[in-house]
Amino acid sequence: MDFLLQNVLTGLSIGSILLLIALGLAIIYGSMGVINMAHGEFVMLGAYGTWALNAFFGMGLLSSLVVVFFGVGLLGWLVERGVIQFLYRRPLDTILATWGIGVMLQQIVRLTVGGELRYVEMPHALTGTISILGTEISSYRVFVFVFVVALFLLTWYLMNRTRFGMQLRAVVQNSEMSACFGIDPKRIYGLTFAYGAGLAGLAGALVAPLKSVSPEMGTSYVIDAFFVVVLGGVQSIFGTVASAFLLGEATGTLGFLWNDTIAKALVLVGIIVLIRFRPQGLFVSKVRG
Amino acid sequence: MVMKRRDFIRGTAALGAVSTIAAPQLWFKNSGLARAQNGEIKVGVLFSLTGTTGIIEESLNKATILAIEEINAAGGINGMQIVPVVEDPASDPATFAEKARKLVMSDGCVSVFGSYTSASRKAVLPVFEKRENLYWYPTLYEGRECSKNVIYTGAVPNQQQDEFIPWLVQNFGKKFFLIGSNYIYPQEENNYCKKLLEGLGAEVVNEEYVPLGHSEFSSVISKIKSTEPNVIFSTVVGDSVVALHRQYLAAGLDPAKMPMASLTTSENEVAAMGGEAAAGHFTSAPYFMVHKSPENEKFVSAYQARWGADKVTHFVSEPSYFQVYLFKQAVEKLAASDITPPTIREAVKGAEMIAPQGKIRIEKDNLHTWLWPKIAVAKADGQFEVLVDSKEWLAPDPYAAYPDQKCVEAGLTNI
């Protein structure tokens with residue numbers, strides 16, 4: 001029982017980090033259909049932003065979150081306006097362009113900040129552990145979990161219950177038609193991309209205290225994020241949540257029973273098999289054709 | 001420490017060995033031998049300045065250059081200046097081999113100082129063996145190599161573990177949790193560790209390898225909690241070290257009860273993870289920046305004066321520095337007309353000098369180095385505190401985990 005609970009909690013924690021990383025991608029890829037290879041670099045910039053705000057301005061992690069969200073969001077908006085908007089009907093070119101942007105961001109960071117590994121201090125109030133039904137778990141990981149759930153709810157609300165969300169869904173379905181109704185698709189696309197990028201920035205800021213911060217850190221995150229989104233079903237934000245926690249639990253349990261190397265391999269095999277038999281992912285949102 | 005892809009490189013090295021046999025040695029016999037000429041001694045400096053291991057290798061380049069500059073400023077070797085030829089192999093083993101060929105064949109260097117990863121050393125090995133040249137390798141590594149063309153100035157497993165493991169058992173207990181990155185170096189270190197533990201009647205509660213670059217240690221930490229070891233013996237390398245320490249800290253585990261004992265955490269890694277996450281964990285190595293000796297004070301102050309007051313020295317940069325002095329000492333014994341790699345090798349056999357860590361010697365049998373094991377604990381300020389300073393230097397035994405093999409002057413022999 002103890003073992004079971006410990007594993008469920010571990011899985012939830014891994015899942016919450018996966019969801020955190022994938023949420024921004026779910027918006028950009030899922031809603032806009034843009035395959036953004038620079039997603040990992042947005043995560044990386046979020047982590048470096050937090051590090052820099054702490055090192056140069058003495059700001060704590062929590063207060064940095066706001067700055068990082070808007071900072072990386074602004075950068076995302078610039079990328080969308082400057083590059084991606086010209087490539088909407090050319091998905092292959094988009095992949096190449098965003099990948100190039102990712103490489104450039106990596107090298108810019110390497111040249112300006114340096115390639116040394118960095119770290120970000122955890123907020124002091126969250127350094128301890130808390131006990132859940134007798135199992136000790138890091139308070140910071142609990143905080144990340146709660147934060148991610150809140151972020152998800154906010155995103156869901158934004159997409160489904162606000163005017164902006166309705167306009168976005170309209171633009172995604174038919175941008176010419178929605179333009180006829182007075183919606184400016186450019187504005188909507190720009191803001192959506194900025195929001196997705198901002199979420200990636202937040203993810204970077206939040207994983208920084210648990211992992212190392214380096215210019216190349218984004219590479220592994222972008223892969224994880226794509227797995228989560230593709231498995232969950234593109235366009236389904238609930239699917240993203242389900243698949244993040246499914247992958248988290250699977251990785252955690254297999255890692256505990258064997259080891260992380262095997263867990264990683266088995267999870268990948270699992271994803272391949274699932275995608276083979278269910279190419280649309282676990283969840284499909286119904287869109288009227 | 002990143003010494004990846006060695007398995008793959010072993011294959012490549014084997015290919016190199018095959019081509020050695022295929023190409024008649026006669027072709028190179030005299031014309032190919034590098035030689036110091038025109039009153040200057042050319043040496044290669046082959047550390048990556050860019051790429052994944054660029055940061056750490058840059059510090060090795062700096063230590064090497066510092067030593068060369070010091071020697072030249074003091075009049076060179078028997079009046080001849082050392083001329084360093086610096087190349088950047090960009091953290092790529094294939095580029096290492098290419099640059100090594102250039103240094104040895106077109107520049108005519110009589111020795112090359114270089115490499116951090118085992119993969120890169122394995123990649124250049126065929127070049128040095130084929131051309132009868134000499135490679136000076138400063139990094140601690142997994143042993144199990146017996147080349148006549150490499151001078152190994154870093155520690156091998158027995159020199160880091162012989163004192164460390166019994167000390168850990170005595171101070172913390174007999175339950176060990178072995179965790180490492182998934183490649184050859186941690187596996188060889190763990191092989192030797194298990195051997196020592198067996199002799200001490202200690203047990204291994206779990207042995208586990210994570211993929212290189214792994215950064216999610218939740219399930220490892222669950223396992224640590226459920227197996228309750230006394231010591232976590234870690235050979236995790238690269239950015240995974242940072243993630244492991246920070247998640248250990250977040251999980252509220254206590255270094256006083258269940259410390260991590262590492263062979264690879266130096267001042268560099270501590271700076272990357274932050275003193276808070278490093279504090280209370282142990283490292284065994286022949287050198288720490290805080291080591292007290294006149295030679296080390298001189299080394300540290302010269303290093304910081306040359307490269308910046310915030311720079312740290314560590315257990316790979318120290319051998320990078322002293323091996324240049326060993327080279328000087330060997331060349332000094334030779335006539336100006338007879339400075340070639342084989343004569344340097346013969347002159348360096350059994351050579352002794354006072355290095356920053358203490359008096360060291362090159363073992364004539366296996367060309368590895370007698371070193372001074374030390375055990376230290378990391379502190380929150382980012383430095384170490386040396387707890388155990390070995391009273392005797394320790395002979396290198398690159399085949400310590402393989403009692404039926406021994407590296408002697410004639411080569412590798414089976415006993």
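Helices here (H or I, at least four residues) and strands (E, at least two) are DSSP runs, numbered from the N terminus. By that count, Leu196(B) falls in helix α7 (residues 184-199) of chain B. This is a predicted model, so local features need pLDDT of at least 70 and side-chain atom pairs count only at pLDDT 80 or more, while totals for chains, interfaces and linings use all residues. Residues are numbered from 1 along each chain as its sequence is written, chains are lettered from A and ligands numbered from 1 in the order in which they are written, and side-chain values use heavy atoms, with hydrogens and water left out.

**Chain B overall**

- Chain B holds 14 helices and 17 strands.
- With a radius of gyration of 21 Å, close to the 22 Å that the globule rule gives for 415 residues, chain B is as compact as a globular protein of that length. That radius is taken over C-alpha atoms, and the rule is 2.2 Å times the number of residues to the power 0.38.
- Along the principal axes, the C-alpha atoms of chain B fill a box of roughly 65 × 45 × 40 Å.
- Of the 415 residues in chain B, 62% are buried (under 20% relative accessible area, with exposed being over 50% and partly exposed in between; 1.4 Å probe, protein chains only).
- Take the contacts (heavy atoms within 4.5 Å) in chain B between residues at least 6 apart in sequence: 71% of them join residues at least 24 apart.

**Close-ups in chain B**

- Helix α6 (residues 164-172) of chain B has Phe164(B), Ile165(B), Trp167(B), Leu168(B) and Val169(B) buried. Just past α6(B) sits Gly173(B), with a positive phi of about 135°.
- Leu196(B) touches Ile165(B), along with Gln161(B) and Asp162(B), leaving aside residues up to four places away in sequence. Leu196(B) and Ile165(B) are 31 residues apart along the chain, yet their C-alpha atoms are separated by 7.2 Å.
- Val220(B) belongs to helix α8 (residues 218-227) of chain B, and it's buried, at a relative accessible area of 0%.
- What does Val220(B) touch, not counting residues up to four places away in sequence? Its partners are Asp260(A) from chain A, plus Phe177(B), Ile179(B), Glu208(B) and Val210(B). Glu208(B) is 12 residues from Val220(B) in sequence and 8.5 Å away, C-alpha to C-alpha.

**Helix pairs in chain A**

- The axes of helix α6 (residues 163-173) and helix α8 (residues 185-207) of chain A come within 10 Å and cross at roughly 110°. Axes are lines fitted to C-alpha atoms, for helices over the stretch in contact, and angles run from 0 to 180 degrees between N-to-C directions.
- That makes α6(A) and α8(A) roughly perpendicular (65 to 115 degrees; under 35 is roughly parallel, over 145 roughly antiparallel and the rest oblique).
- The α6(A)/α8(A) crossing is left-handed, meaning the near helix is turned anticlockwise from the far one by less than a right angle (clockwise would be right-handed).
- On the α6(A) side, Phe164(A), Gln167(A), Leu168(A), Val171(A) and Val172(A) meet Pro185(A), Arg187(A), Ile188(A), Tyr189(A), Leu191(A) and Thr192(A) of α8(A). By class, that's eight nonpolar, two polar and one charged residues (nonpolar: Ala, Val, Leu, Ile, Met, Phe, Trp, Tyr, Cys and Pro; charged: Asp, Glu, Lys and Arg; polar: the others, Gly among them).
- Helix α5 (residues 139-161) and helix α10 (residues 237-257) of chain A have axes that come within 11 Å and cross at roughly 165°, so α5(A) and α10(A) are roughly antiparallel. Their crossing is left-handed.
- Phe145(A), Phe152(A), Thr155(A) and Trp156(A) of α5(A) make the contact with Ile237(A), Phe238(A), Val241(A) and Phe245(A) of α10(A). The class tally there is seven nonpolar, one polar and no charged residues.
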